[in-house]
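Subject: Structure handover

Hello,

Here is the structure I said I would pass on. My notes on what was found in it follow below.

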Amino acid sequence: METRKVQLSGGTTYTISLPKRWAQEHRIDAGSVLALHPNGDGSILIETTTDRTSEDRAVSVDVSTASDSAIQQRILALHAVGFDTVTLEDSTGHGPERRQLVEETLQELSGFELLEVTDHRIRLTNLIDAENVDVRKSVLRLRLVMLAMHRDAVTAVIEGDEQLARRVVDRDSEADKLFAMVTRHFRRSLTDLHEVEKLDFSRDQLYEYYYAARQFERVADHAEKIARFALEPNASVSASYADDLSELGSETRRVVDDAADAILTDAGIETANAALEKHQSLSTRIEELDRELYDHDVPSEAYMLGLLLDSLRRSAEYGVNVASVAIQQISRQNEQL
């Protein structure tokens, strides 16, 4: 760390000198223009690049010998870390199956579209700029999708409603797409100051929203898992357990919902603490019912009920994770007052 004394120039302007070595390393001379990013914590960041209006993060990838799974995961990863243009190169040629795979992968992503398709090259481009993205609203939307999926999944299992279960399974892609978009912009904000400015949230806030979205996406995955039980030909829930599962499902969603309120609204630390208390009560009820299954007369039903209870338990724990970060968020905000 180096220190500099502030000077008064011309009677109205405060100036400081830049470290000579740093200036030389970045080719800064008299007349160079620097970008200044003041932060609310008393720091100010200085950046040498000021004009990024035409900057495009692009990458080319040779997929000649890559498997379908590897190509799909590579596209998802390049989207997540923030590339704007992705070119898939294959000297042997892209077959129709490869093109279909890419199109199916793009359905899981927001903003990525096919720009060009030739025999040896497939170009993808991002069409959504950070200025048009509201991360908080995206997380709020993910919350609504997740809670609806979980409610419908539990109902589908209890009532044996295969049509409702399939709708839950199909909707998981919507949750994944929302989470992928939040992930992309959070990851870009870690390395790009302009991304932070466009999103209009601090890095602390972006992390908290990303973390909440991650937990919501996991609950959505468990909702899909629960819904798939309703599609099993020999899986069913006896009437004697229907009320218990319905109540436990509702309590699970209340834990997650209260935690979501604490981190996404001005609900306050009391709401976060309430989520933690509800989780303790819920955990006790799940453990009691789980122990009852040890002596169940039908092993296959006991096994399925055990898996359902495990998904409810894990979903509630994800709500606890959100509540914990909400308490950290509120503590950070209070410290800044």
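Tyrosine 210 is partly exposed, with a relative accessible area of 21%; buried means under 20%, exposed over 50% and partly exposed in between, using a 1.4 Å probe and protein chains only. Please note that this is a predicted model, in which local features need pLDDT of at least 70, side-chain atom pairs count only at pLDDT 80 or more, and totals for chains, interfaces and linings use all residues. Residues are numbered from 1 along each chain as its sequence is written, and side-chain values use heavy atoms, with hydrogens and water left out.

Aromatic rings

The rings of phenylalanine 186 and tyrosine 210 are stacked, because their centres are 4.7 Å apart and their planes lie at 10°. Helices (H or I, at least four residues) and strands (E, at least two) are DSSP runs, numbered from the N terminus. Phenylalanine 186 is buried, at 10% relative accessibility, and phenylalanine 179 is also buried, at 11%. One aromatic cluster takes in Phe179, Phe186, Tyr207, Tyr210 and Tyr211.

A separate ring contact involves a charge: arginine 57 lies over the face of phenylalanine 83, 5.1 Å from the ring centre. The rule here asks for NZ of Lys or CZ of Arg within 6 Å of the ring centre and within 35 degrees of the ring normal.

Strands

Strand β8 (residues 121-126) pairs with strand β6 (residues 85-89) in the antiparallel sense, over 5 bridges. Two strands count as paired if DSSP finds at least two bridges between them. In this pairing, glutamate 89 stands opposite arginine 121 of β8. Strand β7 (residues 112-117) is also joined to β8 by 5 bridges, and these two run antiparallel. Valine 117 is the residue opposite isoleucine 122 in β8. Between β7 and β8 there are 3 residues, and the two strands form a hairpin.

Loop

Isoleucine 16 is located in the loop between β2 (13-15) and α1 (20-25).

Regards

Terms used: Phe/Tyr/Trp six-rings, centres within 6.5 Å; stacked < 30°, edge-to-face > 60°.
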